Amino acid sequence: MTRAVFSPAGQSAAESSPEVDMSTSLGSLELPAPVLTASGCAAAGRELDQFFDITELGGIVTKSVMLQPRSGRATPRMAETPSGMLNSIGLQGPGIDQFIEKDLAWLEQRGARTIVSIAGSNVDEYSKLAQKLRNVPGIAGIEVNISCPNVENRGLVFACHPDSASSVIQAVRRFSDPKMPILAKLSPDVTDIAEIAHSVVRAGATGISVMNTTLGMVINTDTMRPALAGVTGGLSGPAIRPIAVRCVWQIRKALPDIPILGMGGIRTGQDAFQFILAGASAVSVGTVVFNDPSAPIRIQHELAQQLADHGFSRLSDAVSYAHRSADVEILDVDEVEIEVE
Amino acid sequence: MSNPLQIRGEVLDVKRAGSYFVISLTAPGIPETTRPGHFLNIGIGGEESSMLLRRSFAIHQVQMRGMYGGTLDIVVGVNGSGSQWLSERRRHDPLSIVGPLGRPFVLPKEKVSCVLVGGGYGSAPLFMLAEQLRERGCRVDVVLGASTEEKLFGTLHIKRLATTLTITTDDGSSGTQGRVTDVLPEIMEKSDSAVVYACGPMGMLAAVAAVASEKRAHSQCSVEESMACGIGVCMTCVLPVIGDDGVTRMVRSCVEGPVFRGDRVRWSDIGTVPADTWGAPVEGGH
């Protein structure tokens, strides 16, 4: 496995100041770099590859794919909100067969590390999706989207109940290659996110992706009706970042050893650094891509700079560093014991 | 087709034009690959802005060379806080620009007669188009319409590029009182036009496409859908369009459009997912 070393932003490798080892892992999923795209904000990588080399990222998390082709909801599907946006796309997509044939094949040929996000309407659909993906080359991991707020029955977000969350993960685990990393993507719209995290880990998830959008609503004051055709939608963007950092923190506290892929409103390397310090081993960049198409690679470079500025020579040393006990203070990072790892 | 560029441009000039603002920008590298009908999008409010979504504008004019290298013009109608911010930019203000984006107008191979129809500042992309059609030896008749005179854009300028110019306003403050489609059939008959190009509000495009179909002419319509990303990843700007295989799909107007064949867009179904759409919900909604 190659270990990519990133020089801080704006400098060539030759003249770089302290180089930071940015390699990381999410359990058995080894990544040369810690920034990935967030599901639903990068399609299947092809469009963003026009703006930067997607193989330089830790990976591409593809838009959640379902078993069958899906038209998605009617428009309007989007409303801008302060430092964020509300969306109600309804999981538009080509269905798993065409996804494997076209999108996945392209990603593999392109040399990107691909985490395939899957979504189903019921446990059986998740099982079938896992079966379809079994033995397909070019998949580094599976992210199980059990938290999309834009599903038929909004009362049935799997990630909102420990039992339904765990039955989906169990099914995906059973039908997937035993060595395949499986990340469960959780919703913040729960009373106790640690309880949900416990249940998906017991069911066989090898890591947690947190968080999905949080359910919101906007009324259009011109039409005096809901702004979205789907009435409610998922809120994303920097507005929700503190909620996401809190979720990462709580899950890290409850489950000291489970790998976390953190996401929610990351706009800069400094934002990503918060997630790493809170306990994420890698981060996904989502909505900010709409503002800056090259944001993922920019953030990856800025994160390297943040780490260097704070005296870290390895990203892995910074993971969960905010959880250190009060008497541990940073003098020489190499000698500091990390409380959680 | 070449890739869109993400660049930092600079404001050269902001001019008022009736109800609108014409903003001239330096945009190194973009004019060279811009074709009529392409658009670009602009980041609003700077890097820390709470307005996250870029605003999209049709490219109005381009200049390859000059004192500032490649420059271009866009036309902005102020209808929200994002466009308000843009209209308040001054010379030398930096702007984040991504473009050229989308699929441009398709130009005819033969020297056929063409009608160009613009609604409000939807006329913006028609200037470059008129120039290129004239260079090909096409007859170019132009129809511009708006609710009222000050909402027309570029009537004096486009007159120089057009074989004929016809103006309509809803209130009769300029030209013929009525809609562009009130005058379009007669213009098409007189000029024996084979192609209609249109840009403007959805309702106007639907009506223009219907007239073109009736006259057995080809139509190319540039749609205005609200977009979050403009580059094909967010899936918000979709509309129902019939493909070459006869199947209706919810397609992205940013990358598969904004220019569509008028006879392929299911105009009256915009804002819905027609039941026979590829992947439409079988029962209930989703």
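Residues are numbered from 1 along each chain as its sequence is written, and chains are lettered from A and ligands numbered from 1 in the order in which they are written. In this predicted model local features need pLDDT of at least 70 and side-chain atom pairs count only at pLDDT 80 or more, while totals for chains, interfaces and linings use all residues.

Chain B contains an open sheet of seven strands in the order S10-S9-S8-S7-S11-S12-S15, with mixed pairing. Strands (E, at least two residues) and helices (H or I, at least four) are DSSP runs numbered from the N terminus, and two strands pair if DSSP finds at least two bridges between them. Strand S10 (176-177) and strand S15 (259-261) of chain B each have a single partner strand, so one side of each is left without a neighbour in the sheet. Strand S8 (residues 140-146) of chain B runs parallel to strand S9 (residues 164-169) of chain B, and six bridges join them. B:Gly145 stands opposite B:Thr168 in S9(B).

Helix packing can be followed in chain B as well. Two packed helices are described by the angle between their axes and the distance between the axes. Axes are lines fitted to C-alpha atoms, for helices over the stretch in contact, and angles run from 0 to 180 degrees between N-to-C directions. Helix H4 (residues 180-191) and helix H5 (residues 202-214) of chain B pack at an angle of about 20°, with their axes 10 Å apart. H4(B) is therefore roughly parallel to H5(B), a description that applies to angles under 35 degrees. B:Val180, B:Thr181, B:Leu184 and B:Pro185 of H4(B) make the contact with B:Met204, B:Ala207, B:Val208 and B:Val211 of H5(B), where contact means C-beta atoms, placed from the backbone, within 7 Å.

In chain A, helix H3 (residues 162-175) and helix H4 (residues 193-202) pack at about 30°, with axes 8 Å apart. These two helices of chain A are therefore also roughly parallel to each other.

Finally, the contact between the chains takes 36 residues from chain A and 31 residues from chain B. On the side of chain A that touches chain B, strand S7 (78-81), strand S8 (84-87) and helix H7 (288-291) of chain A are the elements that give two or more residues.

Technical notes. Two residues are in contact if their C-beta atoms, placed from the backbone, lie within 7 Å. Angles under 35 degrees count as roughly parallel, over 145 as roughly antiparallel, 65 to 115 as roughly perpendicular and the rest as oblique.
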